[in-house]
Amino acid sequence: MKQLNRREFLRLSSLGFGSAVVLNVLGGCAGFTSDRSFETNAQFTHGVASGDPLSTKIIVWTRAISPDGEHATVTVQLALDESFNQPVYEKGLLSTNAERDFTLKFDVINLEPDTTYYYRFLSKDNISPIGRTRTLPVGSVETVKLLTVSCSYYSAGYFNVYKEAAKVENVNAAIHLGDYIYEYGPGTYADEDAVAMNRVMQPEKEIIELDEYRQRYAQTRSDEDCQRFHAAHPLIAIWDDHEVTNDAWNDGAENHSIKEGEFSARRLAALKAYAEWMPIRPPVDKDITSIQRSFIFGDLVNLSLIDTRLAKREQQLSYSTFTEKETGAFDSSAFYSELNRTERELIGKESLETLERSFYYPTKWHVLAQQVLMGEMHLPAPIVSQQISNADYGNLAYKAQTDPDKLTKQEKNILNSPNIPYNLDAWDGYPAERERVLQLYKKYDANLVVLSGDTHNAWMNELFLGQWKIGHEFACSSVTSPGLEKYINTTAEDETGTVQALSGLQYCNLVERGFMTISFTPSDVIAEWVFVSTVKDQNYHVLTDRTHSVRIASHT
Ligand SMILES: [Fe+2]
C-alpha cells in the first residue's frame, strides 16, 4: 500500500469524526461504503447547491422530504468525476425535518485546494441531481474567475440569465449580490406578465411570516434554470433589501408598517428562511444575522463581502422630507447638512475594522462585493425629481448649444439646476461612509475592485477620493427585475450620453438583463457583461453584439 503523506493521514484521521468516510481514491480500491439502511426514501424536491468554498471545505445543500413528512435521512457523496467512479468523500445519517423546512446543509471538510468535485445526495432508492463545485486555490495563483448576478425576481420573467450563467466554464465561484427573492404580493411590482408566464407569486400575498418566506424560496428554487445555476457553480451569496422587504435599513424599511408586526420579528423570520435555503456558512458561530465574511484565493484575490443593508445602515434620506409641501421649495442647506453628517453609517465601524484586517493577508487584488452602487450618480435635479424626462433634458441641452437665444426663462432655470444624488438608498446617500471605505483602500494602496448589484442595470465606475483614483466598480444587471428602461424609458442610444454626462462613469447598459464575469490575473482584471434578448419568453438568445468587455491593469 502506498505510503501516506501528512495530508492524507490527516484526511484518514477524520474518520474518527461522525460517520464521514474519506476514501482512498489513489489506491483505486474503495467505493462508497456507508450503511444506508436507515434512510427514509426521501424525495429531493429542489435540486442541489453548494457554496462558501474554502481551500479544504465547502457547504453542500439539498432539500429532502420523506414520504411520511417526518424527518428525512440522507447520505452525501463527493467524487472527482461526474460518473462517481472516483469517489472521495461520503457521509451518511444526515437528517432534516420541518424545523428547517426540510432543507439540509452540510460542511464537507478535508478537501483538496483548487479541485473540482461532483456531489449528490442519496436516500435509499432516490438520488438527487448532481452538482459541480470547486474549492479555493492556495499559494501562487495565476487566474481567478468570478461570476456575478443579482435581483432574480421570479414573477418578472424567466430565469434565462441563470440558464446562460450556468453554461460558463472555469468559474471559481458565482456571487449573488442580493434580491434573490422579492417580498411583494401580486400586482405590486413588475409582475404584469406573471399570469401569462405562469409565474404568479406564491403565496399570493406580501410575505411577512417565516412560512411565507419559505414558500417564496421554494417557488424560486423550483425553477429548473435556477437549479441549473446552483448545480453548476459554488455560490457566495449576500442579501440585499428584498430578502426582507423593500428599502430596508437596520431597524425598519420603506415597505414595512407596524400593522405588519415588529420589524425585528419580520427580519428574523426572513433571515432564518435565507439561512435555510442559501448554501452559506454563518461567519460567526451560528449567527444567521451576519453575512460579512471573506474568501482568499491564494495570493491573487481577497474577496470581502459586506452588509450595507441590515447590519448598521441608518435610514435613507428622502428629498420629500426637505421639500415644503405647499410651495415645493427644497431646503438644500438642511438636506446637505444631514447628507454629509460624518456619523452617518452604512456599514458601521466594526465592518470597517474587519475590512482593515483583510490587509494583513497580502493579495494582488482586493475585491469588495456588496449590494448598492458605490460610484457617484449625480444627475440634474429636474431629472431626479421627475420634473423633466431624460430625453427632454437632452433636447434642452442641445437647444442650449445650437439655439441659446430661444431658451425660455423656465428652460434656463432647468438647465441651471444643480446635480444631486439620483439614489439616496445607494452609497450616494452616505458620502462620509464612502469616504471612510475609500480612505482605507488608499491607505494600503490596494488594487480595489467593487462588485455591486441592486440597480437592475449594468455599470462601470471609476471610484475617486478627491483627485485620487482609488479603484473601479463593476455592477451587473439583474436576472429578471426591470431597470431604468422601464421607469424612464432609456434605450441603448442613451448610453453614450449617460457615460459622458456622469463623471467617473465608464460604461453602462440601460436596457437588458444579464450577468457579469470578472477574471483576475496578477497583471490585470477583465470584466465581461453578457445580456439576453428577453426574459419574457423562454425562447431567447444571447445578445452577442451587446456583450461588453473592459480590461483594467493592476497599478501595483
Ligand atoms: Fe433588486
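Predicted model: local features only at pLDDT ≥ 70, side-chain atom pairs only at ≥ 80, totals over all residues.

User: What makes residues protein donors of the iron ion?

Analyst: Donors are N, O and S atoms within 2.8 Å of the metal (3.2 Å for Na, K and Ca); water is not among the atoms, so sites may look incomplete. Cys-151 (SG), Asp-179 (OD), Tyr-182 (OH) and His-456 (NE2) lie 2.1 to 2.5 Å from the iron ion, and therefore they qualify.

User: Why is the arrangement around the iron ion called irregular?

Analyst: Four donors are tetrahedral if all angles lie between 85 and 135 degrees; four are square planar and six octahedral if opposite donors are over 155 degrees apart and all others between 65 and 115; anything else is irregular. The four donor atoms here subtend angles of 86 to 166°, which makes the arrangement irregular.

User: How do you know whether Asp-179 and His-456 are buried or exposed?

Analyst: Buried means under 20% relative accessible area, exposed over 50%, and partly exposed in between (1.4 Å probe, protein chains only). Asp-179 has 1% relative accessibility, so it counts as buried; His-456, at 8%, also counts as buried.

User: Which residues make the contact of helix 3 with helix 5?

Analyst: Contact means heavy atoms within 4.5 Å, and helices are DSSP runs (H or I, at least four residues), numbered from the N terminus. Among the contact residues are Leu-210 and Tyr-213 of helix 3 and Ala-269 and Trp-277 of helix 5.

Conventions: Residues numbered from 1 in each chain as written. Heavy atoms only, no water. Helix = DSSP H or I, 4+ residues; strand = E, 2+ residues; numbered from the N terminus.
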